[in-house]
Amino acid sequence: MSKTWHTNMQHVLDENGELVAMPGSGRRLWQYLGSIVQAVTERGPDDREDQTPLRCRRRPGRKRCNGRILAMIPDEDPMTIHWFCPVCEDNGVITGWQGTLWDRRRFI
Ligand SMILES: [Zn+2]
């Protein structure tokens with residue numbers, strides 16, 4: 001198992017909820033993490049599927065990993081999004097995603 005990325009979306013948002021200025025590579029990484037938040041939060045409440053439409057961002061040996069990211073909010077840890085690439089085992093946890101521009105939950 002490769003190293004787990006621990007990320008908190010609040011660390012990179014300004015007072016308006018926008019991504020703070022940072023170099024392109026960092027920005028792409030955070031936008032990727034944001035896409036994971038979006039993919040998980042736009043699911044319906046009965047949708048138990050962990051699959052997301054997102055391709056893995058890693059390029060092991062300069063060849064793009066063709067894994068698709070699995071992501072979920074575990075029942076036992078509802079504040080955290082866990083994500084995982086089944087091919088290269090890149091994985092991480094995302095906190096501080098609630099109420100961000102990527103949070104697509106609908107409050108009905
Ligand atoms: Zn991968």
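Two strands pair if DSSP finds at least two bridges between them. Strands (E, at least two residues) and helices (H or I, at least four) are DSSP runs, numbered from the N terminus. This is a predicted model, in which local features need pLDDT of at least 70 and side-chain atom pairs count only at pLDDT 80 or more, while totals for chains, interfaces and linings use all residues. Residues are numbered from 1 along each chain as its sequence is written, and side-chain values use heavy atoms, with hydrogens and water left out.

**View 1**
Five strands form an open sheet with mixed pairing. Their order is S1-S5-S4-S3-S2. Strand S1 (4-8) and S2 stand at the edges with a single partner strand each, so one side of each has no neighbour in the sheet. On average, neighbouring strands are turned by 25° against each other, direction ignored. Helix H1 (residues 24-41) packs on this sheet and touches S1, S2, S3, S4 and S5. Its direction makes about 160° with that of S2. Axes are lines fitted to C-alpha atoms, for helices over the stretch in contact; angles run from 0 to 180 degrees between N-to-C directions. Contact means heavy atoms within 4.5 Å.

**View 2. The S4 and S5 pair.**
S4 and S5 run antiparallel and share four bridges. His 82 stands opposite Val 93 in S5.

**View 3. The zinc site.**
Cys 56 (SG), Cys 65 (SG), Cys 85 (SG) and Cys 88 (SG) coordinate the zinc ion at 2.3 Å. Donors are N, O and S atoms within 2.8 Å of the metal (3.2 Å for Na, K and Ca). The site is tetrahedral, with angles of 106 to 118° among its four donor atoms. Four donors count as tetrahedral if all angles lie between 85 and 135 degrees. Along the chain the donor spacing is C-x8-C-x19-C-x2-C. Cys 65 lies in the loop between S2 and strand S3 (68-72), and Cys 88 in the loop between strand S4 (81-84) and strand S5 (91-95), so the pair ties together parts 23 residues apart in sequence.

**View 4. Thr 52 in strand S2.**
Thr 52 lies in S2 (residues 51-55). Thr 52 is buried, with a relative accessible area of 3%. Buried means under 20%, exposed over 50%, partly exposed in between (1.4 Å probe, protein chains only). The Thr 52 side chain reaches the backbone nitrogen of Leu 54 at 3.2 Å. A polar atom of that side chain lies 2.8 Å from the backbone oxygen of Ile 69.

Terms used: Polar contact = N/O pair within 3.5 Å; in protein donor to acceptor, adjacent residues only side chain to side chain. Tetrahedral: all angles 85-135°; square planar, octahedral: opposite > 155°, others 65-115°.
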